[in-house]
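Work through the exercises below with the sequence and the model in view. Each task is followed by its solution.

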Amino acid sequence: SDIYISIVERVGYVMDDLLAQQIEALEVAVPYCEKISNAIGNVMEELNGHRQEDTDEYISSIFNGVNWIIEVYNGTRELINKDSVIIDKDTVNASIFKLNAAYNAKNDVMLSDAFSEVKDFVTKFMETGKSIVNNK
């Protein structure tokens, strides 16, 4: 029974450590989500008839940012959706698939529309993350 208690304690420590890591990740992700959300808003405007010389570079850097946010989401999904499904993984995947398809089609209108869905995810993730961080 001493071994059992030791295992339970160790699992408890690992869970506490995981929770601490998830909260730390959210603390970094929340302000970054705000920046990416603003960038998506700006690029959507560019895609709706106000394209700039560097719009494609801007899109590329936003893709990198969104990929990082998705990595953080994947690592914190259990915490984000602890009480109920706030952000559905399949919905996120569908919006990313739509974004990639629009990008590959080189269609600015489709791309702007797809970015709108991704922006919804980023905003919801940011708000949920902020709530978890503030109530830790």
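This is a predicted model: local features need pLDDT of at least 70, side-chain atom pairs count only at pLDDT 80 or more; totals for chains, interfaces and linings use all residues.

Residues are numbered from 1 along each chain as its sequence is written, and side-chain values use heavy atoms, with hydrogens and water left out.

**Exercise 1.** Find where α2 bends and by about how much.

Solution. Helices are DSSP runs of H or I with at least four residues, numbered from the N terminus. Helix α2 covers residues 55–80. At Asn 74, α2 bends by about 45°.

**Exercise 2.** Is Thr 76 buried or exposed?

Solution. Buried means under 20% relative accessible area, exposed over 50% and partly exposed in between, with a 1.4 Å probe and protein chains only. Thr 76 has a relative accessible area of 1%, so Thr 76 is buried. Contact means heavy atoms within 4.5 Å. Beyond its neighbours within four places in sequence, Thr 76 contacts Gln 22, Ala 25, Leu 26 and Phe 125.

**Exercise 3.** Classify the ring pair of Phe 63 and Tyr 103.

Solution. Rings of Phe, Tyr and Trp (its six-membered ring) pair if their centres lie within 6.5 Å; planes under 30 degrees apart are stacked, over 60 edge-to-face and the rest tilted. The whole structure holds six aromatic pairs. For Phe 63 and Tyr 103 the centres are 5.1 Å apart and the planes at 70°, so the pair is edge-to-face. The pair links helix α2, with Phe 63, to helix α3 (residues 89–104), with Tyr 103, 40 residues apart. Phe 63 is buried at 15% relative accessible area, whereas Tyr 103 is partly exposed at 28%. Ring pairs also join Phe 63, Tyr 103 and Phe 115 into a cluster.

**Exercise 4.** Which residues touch the most other members of the largest nonpolar core?

Solution. A nonpolar core is a set of buried Ala, Val, Leu, Ile, Met, Phe, Trp, Tyr and Cys residues joined through side-chain atoms within 4.5 Å. The largest has 36 residues, and Ile 40, Val 66, Phe 115, Phe 121 and Phe 125 touch the most other members. α1 gives the most to this core, eleven residues.

Note on methods
Helices (H or I, at least four residues) and strands (E, at least two) are DSSP runs, numbered from the N terminus. The bend at a residue is the angle between axes fitted to the seven residues ending there and the seven starting there.
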